[in-house]
Amino acid sequence: MTRIACLFVPGADERVKPALLEIALRHSPSVEDGGPDIVYLDLGGLERLWGGEREIAERLRRAARDRGAAARIGIAGSRAGARFAARAGSDITIVPPGRDARWLGPAPLALLDLGPEMSARLGRWGIRTLGELADLPSRGLAERLGGEGSRLQRLARGEDATPLRLWTPSPVFEESADCPWGVETLEPLGDLFADLAEMLCVRLRRYELSTDAFEWTCRLADRTVHEGDCAPAAPLADSAAAAELLRASLAARPPRAAVEAVTLRARPVRVESVQPRFDEPPRPNPRLLTATLARLSALVGAGGVGSPVILDTHRPDAHQMTPFLLPSLRGIQFPSPLRGEGRVRGGSFLAVRRMRPPRSVEVRVDAGAPVHLRAAGLAGRIIAGAGPWRVSGEWWTEAPFVQDEWDVELDDGTLCRLARDGRGWRLDAIYD
């Protein structure tokens, strides 16, 4: 005989759910996650461990109260019966065996989590409660709704022979190592990280998972903690690429003192295997790409490698670097060649080569307009120009900006973009 218990915490959030699952697992090996505020557990064979159903319900309620959750407990012969008993009853409601249909009779159809189409169809028939659905002729219901109608009617009668969908805690991908002698240099510390990464990658491959981020915590000899993280360009489970990425990240931000203990964590993700299409450009190898980015990060720093993102501001050339992630090429429309944009006389293209950082220049001004400039490798008389254009903004912040810009042509044909602010003149770009 099947007996199901339901733990129901009205208005529970995601912080309460792990506690409910833990409480249920401490009392039964068969537990199902029923949603944000509901957990089911199978009570079969638990009487010898915890006593009768009333004693089990009291234990569950006390355990939830100790965690700060006011739980209602419902026990019946089916999920629907236990759920309705927990929602509609008092703190503890036990439906006697074989009486689920009677208890479920006045319950609303919403208890079955119907889809919009099925709910609308039953509503047109005037069916509002589970009892009304249970009383319909079974043969006629099956003829009109097929197998789904028969299944819903069995649930409305409290006949649910489907076993619980067992919930198991997510595996924790974390490895630790103690270094009581202290590790003071990066090379042995990188080797230690590589060993931990290899153990994590073996576990990830065992579950057919990859990781899109590594996090570590180092306990230092001066009683402080050194924390860090890094993300590969694409999820991976390759220990060699992970080791190189971690070594480069440590080199970019080394610990301040000798390391006495290390904990390395991997955030697991499941990557779908997709067959490449013939009309797609080949994608880079994730392992080689990650290794390349790791070497670049070691050379220029982690903040100098990534994908530039334009900021939502009018400040000239305002952008920030974000970690580079390999996007999915599925469904991307690749741009066609330019159709006249940027063309100048003669059929060629006009490109802007920005100076990063802008180059300092000496500019002579006549009647408020620039007439001559001199810079490293560039000098000449200005024969034509347009401007100034005032660019300003972010006056409400601690770092407002304001500058005037000109487009000028030198006597040798060079086209330039000049800018002037409170710090002086700058060469911002050259048109090629």
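This is a predicted model: local features need pLDDT of at least 70, side-chain atom pairs count only at pLDDT 80 or more; totals for chains, interfaces and linings use all residues.
Visitor: Why is the pair of D91 and R61 called a salt bridge?

Guide: The cut-off is 4 Å between a side-chain nitrogen of Lys or Arg and a carboxyl oxygen of Asp or Glu. For D91 and R61 the N to O distance is 2.9 Å, so the pair qualifies. D91 is in the loop between α4 (79-88) and β5 (92-94) and R61 is in helix α3 (residues 53-66), so the bridge ties together parts 30 residues apart in sequence. By this rule the count is 18 salt bridges.

Visitor: Why is D91 called partly exposed?

Guide: Buried means under 20% relative accessible area, and exposed means over 50%. D91 has 38%, so D91 counts as partly exposed. R61 has 25%, so R61 is partly exposed too.

Visitor: What makes E215 and R265 a salt bridge?

Guide: Their N to O distance is 3.7 Å, and the limit is 4 Å, so the pair counts. E215 lies in strand β7 (residues 210-220) and R265 in strand β9 (residues 259-269), 50 residues apart. E215 has a relative accessible area of 39%, so E215 is partly exposed. At 25%, R265 is partly exposed as well.

Visitor: Are D428 and R426, which form a salt bridge, buried or exposed?

Guide: Both D428 and R426 are buried. Their closest N and O atoms are 3.7 Å apart. Salt bridges that share partners join D421, R423, R426 and D428 into one network.

Visitor: What makes β2 and β5 edge strands?

Guide: The open sheet has five strands in the order β2-β3-β1-β4-β5, with mixed pairing. β2 (31-35) and β5 each have a single partner strand, so one side of each is left without a neighbour in the sheet. Neighbouring strands are turned by 15° against each other on average, direction ignored.

Visitor: How do you know that β4 and β5 pair?

Guide: Pairing needs at least two bridges. Strand β4 (residues 72-76) and β5 have three, in the parallel sense, so they pass. In this pairing, I73 stands opposite I92 in β5.

Visitor: Which helices lie across strands of this sheet?

Guide: Helix α1 (residues 17-27) lies across β1 (4-8), β2 and β3 (38-42), at about 10° to β3. α4 lies across β1, β2, β3, β4 and β5, at about 145° to β4.

Visitor: How do you know that β13 pairs with β14?

Guide: Two bridges would be enough. Five join strand β13 (residues 362-366) to strand β14 (residues 369-375), which run antiparallel. V363 stands opposite L373 in β14. In this hairpin, A367 takes a positive phi near 60°.

Technical notes:
Residues are numbered from 1 along each chain as its sequence is written. Side-chain values use heavy atoms; hydrogens and water are left out. Helices (H or I, at least four residues) and strands (E, at least two) are DSSP runs, numbered from the N terminus. Buried means under 20% relative accessible area, exposed over 50%, partly exposed in between (1.4 Å probe, protein chains only). Axes are lines fitted to C-alpha atoms, for helices over the stretch in contact, and angles run from 0 to 180 degrees between N-to-C directions. Contact means heavy atoms within 4.5 Å.
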